[in-house]
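Please look over the model below. My notes follow as numbered points.

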Amino acid sequence: MNTCGRLTRVFDRSSGLDVLFCLVKPRTTCRQCPKTTPPLARGQSTAANHTPGSDADDKPRVRAVDLARKIRGEKSKTRETAPPMSAQQRRVMELKRFSVQLQNVHPNVLAKHLHRSVLYQDKDVVIVNKPYGIPVADDSDVTSITSVLPVLSKMMDGMKIKSDSQLIPCLGLEKDSTGTLLLARRDEVVEHVLALNRNNKVERKYWVITVGVPVPSEGLIDIPIIEREVTGPQPHYKMALSPLYRLNDEGDGVTKVRSHRQAHPALTKYRVLDSSSGCSLVELQPFTGVKHQMRVHMAFALGCPILGDHKYSHWSKLAPQKLPERVLGKLGIEQSKVRHLPLHLHARQLTLPGSSQADVNVSCPLPKYFTQTLGRLHITLPDEKQT
């Protein structure tokens, strides 16, 4: 073996040739060795780890900051090129967002919302402002108010670890209605409130927006209600008036058909507060608690269905409510998007007789979508009329 400077000549028996080896340390450069690779900087990958022509050799590394800037740029570019949204489209998006704002939320989120919405509380009862689209009773599909009452009770009790307080729904509200919801703190209070309600000593007043103007402007609807099956392509059940009425043989009047024995007595007092654009703001006071009573009386007894009541605006089919062109124009929505209109049924006022103290009288503010609809229809609230 002969050495020459920093190179060592070694005879390879397998090939029968002399081979030169460099004795310099790997991280230093030997000037006499033409094939020696220059040292790599820290952070660079060695070419030995990649095959020639691979993506790692051709493409630079992508940094997260650069990627975020690229995405922001693409979004802003899309906003610039997208056509501006019309007033009707904005209205529909508004209604869509509203209709799902509290559905499928975490129970703690709903409990916090109800805690902020307490209208009245004492040692016996709590009255909260029920949001739209949330069922009172347990529902398998969405979070219900009943399911979060234990959390709400702890919140109202200062989140004490040892707390025996509870909240129980007394007089329920429909899923798509809003307003005053009465909760009792004990079972005996529930029994007391239900007894008062049976004797018509609990006063509940509702505000609704109707499609059409009731004639006369105030009155008392006393027509029993029964559940009936609607046959056809989509068989379903609806609450209906009983007794029914049919045209007489002469065709100039109606004849009362005998009511069904299973019909429920239903009594609703109504009063028109204001009307405009073919719609009305009506105050309803039910004296009985039949399922869907106010909706059925307004739609089938007075012929003025509640705005957003897609179930009782038709009898023989399941379809979105059909609105007049004038009303559609005022609301800023097309008929094909009417299905997004929420039910305009609001529990405005609740009065409970007090035993040892004054009566409990609570009024609930209108939800935002309700006041927006009143403004679009140019309907004036009673308080604004007096000022």
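1. In H5, the buried residues are Ile145, Val148, Leu149, Leu152, Ser153, Met155 and Met156. Buried means under 20% relative accessible area, with exposed over 50% and partly exposed in between (1.4 Å probe, protein chains only). Helices (H or I, at least four residues) and strands (E, at least two) are DSSP runs, numbered from the N terminus. The model is predicted: local features need pLDDT of at least 70, side-chain atom pairs count only at pLDDT 80 or more, and totals for chains, interfaces and linings use all residues. Residues are numbered from 1 along each chain as its sequence is written, and side-chain values use heavy atoms, leaving out hydrogens and water.

2. The buried residues of H5 line one face of the helix, because they fall within an arc of 165° seen down its axis. That arc is taken from the directions from the helix axis to the C-beta atoms. Their cover includes helix H4 (107-116) and strand S7 (178-184). Contact here means heavy atoms within 4.5 Å. After H5 comes Gly158, with a positive phi near 80°.

3. The largest nonpolar core has 41 residues, and Leu183 and Leu284 have the most contacts inside it. Such a core is a set of buried Ala, Val, Leu, Ile, Met, Phe, Trp, Tyr and Cys residues joined through side-chain atoms within 4.5 Å. H5 (residues 145-156) gives the most to this core, six residues. Domain 1 (88-199) and domain 2 (202-380) both contribute, so the core lies between them. The domain bounds come from an automatic or database domain assignment.

4. Thr351 sits in strand S16 (residues 345-352). Thr351 counts as buried, because its relative accessibility is 13%.
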